[in-house]
Amino acid sequence: MSVSVSSSVSSSVPSSLTASLPSSLPADPQGLSRHLGDTEGLSVWPGSARVEAGGDVCVGGVSLTEAADRFGTPVYVLDEQEVRTRCRTYRTAFPDADVVYAAKAFLCRAMAHWVQEEGLGLDVCSAGELMLAVTAGFPPEKIVMHGNAKSPDDLRTALRLGVGRIAVDSASEIARLAALTPSDTRQKVMVRVVPGVAAGGHAKIRTGTDDQKFGLSITDGSAQHAVARILDQPHLELVGLHCHIGSQISAVKPYIAAVRRVVGLMARIQDQHGVALPQLDIGGGHAIAYRPGEESMNVGVLAGRIRAELEDGCARAGLPVPRLTLEPGRAIVGPAGIAVYRVLAVKRTGDRTFVAVDGGMSDNPRPALYGVRYAPRLIGRASCAPPRLVTVVGRHCEAGDILADEVALPGDVHPGDLLAVPVAGAYHLSMASGYNLVGRPPVVAVSDGIARVLVRRESLDDMSRRDIGL
């Protein structure tokens, strides 16, 4: 069975996913290079982004300057159609697979609704994510739960709500899950295995090797032992294997290596236990570009290469081809988001210029955690001033509170200006904190010229209510 991408989707593919499609599609399906060429610096922005007279940028038909004035700053702006288009791109590239959105990247009720409408499942890591999705109407049977240390409450909630599959991550979890599963049911489970493949944009997001906390090793036999234990449990149904090798991976080769090793394990399971597992979950981790010129995953090539490797490997091993599951998160929502800040201060210290904004590491910890680099843009006014290298910093009491180090901005940037940071849809709000009791920003969806609040701003009253110490 071959995987192909139909040319019928070409009119809806955002510019930042153009490279993710096979060469049979038009290279520039929306003419975006003419409208928003790289000279505008918008190649990593949502496909709907448009530069307006006076230096403003519109996304989803909504002025970012007006959004900042209306909703305050910092504010996350999320392009609904960009999210939906990226969901459709995955569904088209992988027509015979289960595409499940990794909720850890960003989750709210509207996001759960969008991905459900676009035919995706959902991947969750906690009872909290699961409850939010189900109360928003998401079908629990289309949800996968994983995590390296699921609490008893996580497991009880998953069983009570009827989650579709649980990825077992440790030997102790097998016994815990078996004890919690009602005697009149069988819970479908997968074993998360470590294939021994090193991949990912940073050491802290590489999850395919034996020196990290996730999964059960193929090399030392832990995965095989877990399989045997699950097969002995009458209330657990082993339906497949799960692996996730890392994040921000732009090359296809690591996924091919992982598929090859996991198929080898599936062959050994069939030889030892007479069981042909019907499912294989290869996780997500597909890279996106945060700045113009950076590499992203070519989704069309990935689909074709994985399907070919899976079919060839199963044919050699005498296995039926399992149904594939993949879990994109960042690649769906990351490029759909923009964070908008207001400049509070500009300070020159020695040879460096610091531009301080009204947010920071409490709403985007990723630069401090992983050294991620962004490309902020001045919006709301035109500037003829020559560019100058500056460091955009946040308002928090940490020297490491840096949002963008040594980036070019107009030399006349000043307090009151607005800065927009693209590719802010993933791992911003989901990793936001209450540091300095600043309060987390709102999320505003934009589409067809309409802006609406999905998640409201966290207020001082919200934070004060939790403090009951007096």
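Me: Where does Val423 lie?

Reply: Val423 lies in the loop between strand S19 (418–422) and strand S20 (443–447). Strands (E, at least two residues) and helices (H or I, at least four) are DSSP runs, numbered from the N terminus. The model is predicted: local features need pLDDT of at least 70, side-chain atom pairs count only at pLDDT 80 or more, and totals for chains, interfaces and linings use all residues. Residues are numbered from 1 along each chain as its sequence is written, and side-chain values use heavy atoms, with hydrogens and water left out.

Me: What phi does Val423 have?

Reply: Start with the general idea. Most residues other than glycine have a negative phi, and most peptide bonds are trans. Val423 has a positive phi of about 55°, although it is not a glycine. Tyr427 also sits in the loop between S19 and S20. Tyr427 is not a glycine, and its phi is positive, at about 60°.

Me: Is Val423 buried or exposed?

Reply: Val423 counts as buried, because its relative accessibility is 1%. Buried means under 20% relative accessible area, exposed over 50%, and partly exposed in between (1.4 Å probe, protein chains only). Tyr427 is buried too, with a relative accessible area of 14%.

Me: Which peptide bond is cis?

Reply: A cis peptide bond joins Thr73 and Pro74, with omega at about -10°. Pro74 is in the loop between helix H2 (64–71) and strand S4 (75–79).

Me: How far is the C-alpha atom of Ala331 from that of Val423?

Reply: The two C-alpha atoms are 9.9 Å apart, while the residues are 92 apart along the chain. Ala331 belongs to helix H11 (residues 330–333). Ala331 is buried, at 5% relative accessible area. Leaving out residues up to four places away in sequence, Ala331 touches Arg86, Tyr90, His286 and Ile288. Contact means heavy atoms within 4.5 Å.

Me: How many salt bridges does a search of the whole structure find?

Reply: Side chains of opposite charge can pair when their charged atoms come close. The cut-off for a salt bridge is a side-chain nitrogen of Lys or Arg within 4 Å of a carboxyl oxygen of Asp or Glu. The search of the whole structure finds 18. Take Glu117 and Arg84: their closest N and O atoms are 2.7 Å apart. This pair links distant parts of the chain, 33 residues apart, with Glu117 in helix H4 (residues 109–117) and Arg84 in helix H3 (residues 80–93). Glu117 is partly exposed, at 47% relative accessible area. Arg84 is buried, at 9%.

Me: Which residues are linked in a network of salt bridges?

Reply: Glu80, Arg84, Arg88, Glu117 and Glu118 form that network. Another salt bridge joins Arg291 and Glu294, with the closest N and O atoms 3.2 Å apart. Arg291 is partly exposed, at 26% relative accessible area. Glu294 is partly exposed as well, at 31%.

Me: At what angle do the axes of H3 and H4 cross?

Reply: Two packed helices are described by the angle between their axes and the distance between the axes. The axes of H3 and H4 cross at roughly 40° and come within 9 Å. That makes H3 oblique to H4. The contact is made by Glu80, Val83, Arg84 and Cys87 of H3 and by Met111, Trp114, Val115 and Glu117 of H4. As for the terms, axes are lines fitted to C-alpha atoms, for helices over the stretch in contact, and angles run from 0 to 180 degrees between N-to-C directions. Angles under 35 degrees count as roughly parallel, over 145 as roughly antiparallel, 65 to 115 as roughly perpendicular and the rest as oblique.

Me: Which residues of H7 are buried?

Reply: The buried residues of H7 are Glu173, Ile174, Leu177 and Ala178. They lie on the same side of H7, because they cover an arc of only 130° around the axis. The arc is that of the directions from the helix axis to the C-beta atoms. Their cover includes H6, strand S8 (165–168), strand S9 (187–194), helix H8 (222–231) and strand S11 (236–242). Glu173 also meets Lys150 in a salt bridge (2.7 Å, N to O).
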